[in-house]
Amino acid sequence: MNGHGSSLSKHWSRRKFLKMTSGTALTAGMMNVPGLLRADDIKSKYSGNVTMTPSVCEMCTSACPIEARVQDGKGEFIRGNPLDKGRGGKVCARGGAGFNQLYDPQRLVRPIIRVGERGEGKWREVSWDEAYTFIAQKLEDIKQKYSAQSVAFTCRSGWTKNWFHHLAQAYGSNNLFGHEATCPLAYEMAGVDVFGSVPSRDYSKSKYIINMGHNILEGIVISYARQYLEAISNGAKVVCLEPRLSITAAKASEWHKIKPGQDLAFVLGFMNTLIFENLYDKDFVEKYCEGFEELKASVSAYTPEAMAKDCDIDAETIKRLAREFAKAAPKAIFDYGHRCGYTLQELELRRAMMMINALVGNIEKDGGMYLNKSASLYNSIIGEPKAPTLKKPASPPYPKPAFPRIDKIGEEGCEYYLAGKGAGIGTLVAPSALGELPDQPYKIRGWFIARNNPVMTQINTQKVIDAMKAMELVVVVDIQISDTAWFADVVLPDTTYLERDEEFTAGGGKNPTYSVGRQKVVEPVGESKPCWLIAKELGEKMGLGAYFPYKDIEDYRMQQVGDNIELIVDLKKKGQTSFGVPLMMREKNSVRAFVEKYPTAKDKVNSEGLMDLPKKIRLFSKGLEEVSKTGGLVYKPDTIKADDELYYINGKIAVRTNGHNGNNEWLNHLIGDAHIWIHPHTAEKMKLKNGDKIEIYNRYSTQRGKVLVTQGVREDTLFSYFGFGTISKALKRACGKGVNSNFLMPPQLGQNTGMGLNVVGVKVRKV
Amino acid sequence: MAKKYAMIHDNNLCIGCQACSIACRAENKIPNEVYRIQVWIQGPNQHADGSLNYDFHRQSCVHCENPPCVKVCPTKASYINQDGIVLIDKKKCVGCLYCVEACPYKARYVDPVTQAPDKCTFCYESRLSRGEQPACVTVCPTDALIFGDLNNPSDKISQVISRKITYQQKEHLGTRPKMFIVPNTQGGKIR
Amino acid sequence: MNQLWGSMDQYHQIAWHWEIAVYLFLAGLSAGAAISAVVVKKISHHSESNGLVKAGAVIAPIAIAAGLLLLIFDLTRPLNFWRLLVHYNFTSVMSVGVLALFIYFPLTLLLFAATFHEKFSSGMFACFKPIAGLAKSLGKVIDALVLLFGVIIGAYTGFLLSAMNSHSLLNTPVLPILFLASGLSSGICANIIVGMVWFHQDLNINEVASLDHTDKIIIYIELLLLFALFVGMFYQGQEAAATAAQALTHSAWAGVFWIGAVGVGLLLPLVLNFAFSSSFKSSPSKFIMFNATLVILGVLSLRFYILYAGQMFS
């Protein structure tokens, strides 16, 4: 009795303690420096009931730590978490508009079921129970009629995947997808292939950065943007190669107007110079890389002279940049970019970019690149399990699917084998549903989409819509009736990130990091529910309750941390925490400090006082050689447009996130319609002036927009920002405004990546 | 000792992301159709060497030491407070809009709700009084804004102003703005 | 670069609208009418029974009262207007103007009362008799004050605008003199018209002609002032020069200036006077009245032009 009681009371008091610390983390962090302004000082100046809660932003996918202020139950102001060094307590325009999203009258807060045709916009409001029953019934029908695999599950990165990919596998589907194939997939694959995982870029200490359209200052990741400007302020040379003058390019030392879609030609010419002018770091390559000779052979023909014409950068410039870069190394970064889709040979491009870093030996060096030290890597270096790891609640094994996935990931010889299971080649869902994939034992018949917007973010928008219309079930979980939700059967209202608690997350930079995930800042509006609850309740409705062995998110979190109360308290109070000291394995001072702290790591230190890399870097890929004969680097010249066409490209804007928040009231007020950039010479030839209405068209689509005459773009290229031209009439502010880029893109998918292109040929006519 | 609040807008660090504008809107509850602050991205402008760049103009009140708006206000509704911040006492305002027209920086607009002129206050009422920095400075992702007290020599702003080249807009008008601009040297600068 | 920082409408808003243009016009006209009435009274032998004096005494208070009403209605917070009378700021031309108006407006009423003192001897306005009597007895003091404050009010409308260094078309010392001159011109013409219509039996046509002649001199002065205004801007530096060029060539307001203010208001009366001076003899009063109407329209156009172009181009 006594024992039982004490364990209960222990449990209870722990819960009570958690409740107490949750949501009002005001005294945290700055406490260790005496005399500074404390959150208490500020709180006491507010009238009424004020809370300041550390959490994580979700206006884009960068997941910046934030601190949200709530006064008398109403969300008021969001800033970056002041305890976060990397982002300096800062937040971008999108992040600042979080509460505006939460209180938006155009937000969906009750489940709806379609009553008209798909895309007709006729709905009825239903109870959660009716929605769950409807979905569970349909999923069961599809399972009986075809197979569970006929339902594809596409989720937003991170948290959302955790819940619904789990539900998917419990249900019996292995067709798991994310946004990757429309955005970063190729560089992620390249990172896995070359380094075993994607390394990070140490911009701030770099002296020379080559950037090929990684739009750090408009597709803002705050930590990158800060580091980038820090490097520039400290005199780093930045060379930008992109077809238009982005803000990033405008801050660079040099801007080269590379021909759209021809980046690979430049990169290969650059690499050829590094190798054949003997500019690479021979010791590093010998010690830490494999396959150098094969790589050398494969790029021997790609001289700068041979590549210059294709990429429209002259051979001398290519060589000069390679020499300057090698000279600055190892404090030099060849940025492997972010949003991919420049070429159908995207994997070659990103691998080549990754390899250049290895060739100059900047790995684990300040101002170069470093391997991300998750708890497991960190612990393996220490030699003891010091850094805490998060556990997942145990759940029953998943049923084994009868057939391979539509992208065949996990099968022998799969073209896409480098993609993670959760990433998947999402661009294949539509072709599969329309029966276009060769030798397919089944078609996709149902699509469960959580916080992803393929109608806007996948190429060939019309095909995606046609596929959805051909399906038997389309379920969308979102905070609004997105372009994708517009064609759904059921739309379930997710909470916004400020209304929910989520599971803790663990990651790693130079040392292991941990995040609270998200903390509830205000109570949910309407009947919206967080994804963890939707997955659990829907799972229970489907008879899969055993897969969700936790009472609520608090219970889940406690199963994650086990007995590590310190961690849970830290995370709730500060929003984030890290473990140990930063480690750069090839920097003497860093290694010395690390070993001082963790003497058990002494045996990892080599004769130079450094640590060896845990894995060989692959400059030749045996895997790719097997599946597609592309173990080395292969260049296939590609004509993207006809002679009488112009290139059309798109890019990021700082005040809107791709397919996500174009309808946000505040952000939409900043820019509702994005004009199409056109060079003055081209405009003159076509007799176009600022503000003229034009149509840009090709055989895939016709899009309308207004002209912006600017020198900031190549003469043969049109540019507009991505994330405009919303289809959903429920998003009243954004609907129909601007160019919807993906309607125009060609249907081809890249080799080994399945990624579409973000560049295409178009013609222009005046309206 | 009275303070002399001032701000630096560093064109080299500014990226025109409008985080300042949104933070201001949230903190000061600005009606949707008007702005206390915008950052205008101007250009591309061509340098002598042919390279192109953008300039970033912070459009907001510059808090003149000799403010025309205060001079022309017939009822002293516009005033400069002890800390050098130009403010509006809405109770006293009759809405003649003399200040709106007299401001050489077009910093004032008519608030559609109160029908009185409004403008940037360095968040005097919403944040400074609580010991916080203005909203725009608090969120600026690239630290392009520095705010502080020029009467305090150890304040960061005093140090940066004595170290970096800055200018004030329309100095020739004798308004003595307390918004200091670090001119853009990005682009065209071969390092 | 795309305009991604939101609407810029607030920077293109015109703060002062037609009400203010009409107010500026009416204030100048009132001052001009009062000044010319007092001057005529001094130099004429008919004293206050002169039709031109009577016209001025009527016009001055009515015009300024109408103007003040417009001024109040143009405030965005009109119910707060009384604060203008309670709080003063002596660096504000507007505040000083309020103070001047506070004195000027009663003065015009006293001028009216003095001029028409016999009308108050009986009937429904008999209650004002003592005031009228007092005004009559203080006639000379009132005349002197009306003259002084007339000049102040006439010039103040110009200072009101020229005090703003935000707009180079306005921020010029020429403006107060130009407004005073054109106000005087419009006042003279208003007195002529009202005098000829309502008080023609008290008119001496030779005095009218000489007043008309004075007005022509003022027109020459106005032309010189306008010339000085724009030439001055041309040499004030690139910004002001560009504003001048814009203001003279852009938008409908350039038309209002060239056709209305300069064409109809200044050149046409001069040309007509020159070309038809012989036919002037046959029907002098109608001709003078027509000419006077042109001048008034011109002055109104000038106020509209300066106010709108001044705010738009800076």
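Buried, in this talk, means under 20% relative accessible area, with exposed over 50% and partly exposed in between, using a 1.4 Å probe and protein chains only. The model is predicted, so local features need pLDDT of at least 70 and side-chain atom pairs count only at pLDDT 80 or more, while totals for chains, interfaces and linings use all residues. Residues are numbered from 1 along each chain as its sequence is written, chains are lettered from A and ligands numbered from 1 in the order in which they are written, and side-chain values use heavy atoms, with hydrogens and water left out.

I start with the rings. Rings of Phe, Tyr and Trp (for Trp, its six-membered ring) pair if their centres lie within 6.5 Å; planes under 30 degrees apart count as stacked, over 60 as edge-to-face, and the rest as tilted. Over all chains, that gives 46 aromatic pairs. One of them is A:F153 with A:F448, stacked, at 5.3 Å centre to centre and 25 degrees between the planes. A:F153 lies in strand β6 (residues 151-155) and A:F448 in strand β15 (residues 446-450), both of chain A, so this pair ties together parts 295 residues apart in sequence. Helices (H or I, at least four residues) and strands (E, at least two) are DSSP runs, numbered from the N terminus.

A:F164 sits in helix α6 (residues 159-171) of chain A, so its pairing with A:F448 in strand β15 ties together parts 284 residues apart in sequence. A:F164 is buried too, with a relative accessible area of 0%.

In chain C, ring pairs link C:F112, C:F116, C:F120, C:F125, C:F128 and C:F199 into a cluster.

Next, charges over rings, meaning NZ of Lys or CZ of Arg within 6 Å of the ring centre and within 35 degrees of the ring normal. A:R445 lies over the face of A:Y146, 4.1 Å from the ring centre. A:R656 lies over the face of A:F724, at 3.7 Å.

Last, chains C and A. Seven residues of chain C are in contact (heavy atoms within 4.5 Å) with twelve residues of chain A. The two chains bury about 670 Å² between them, 59% of it on carbon and sulfur atoms. Buried area here is the accessible area (1.4 Å probe) that two parts lose on being put together, summed over both. Which residues supply 82% of the area that chain C buries against chain A? They are C:M1, C:N2 and C:L4.
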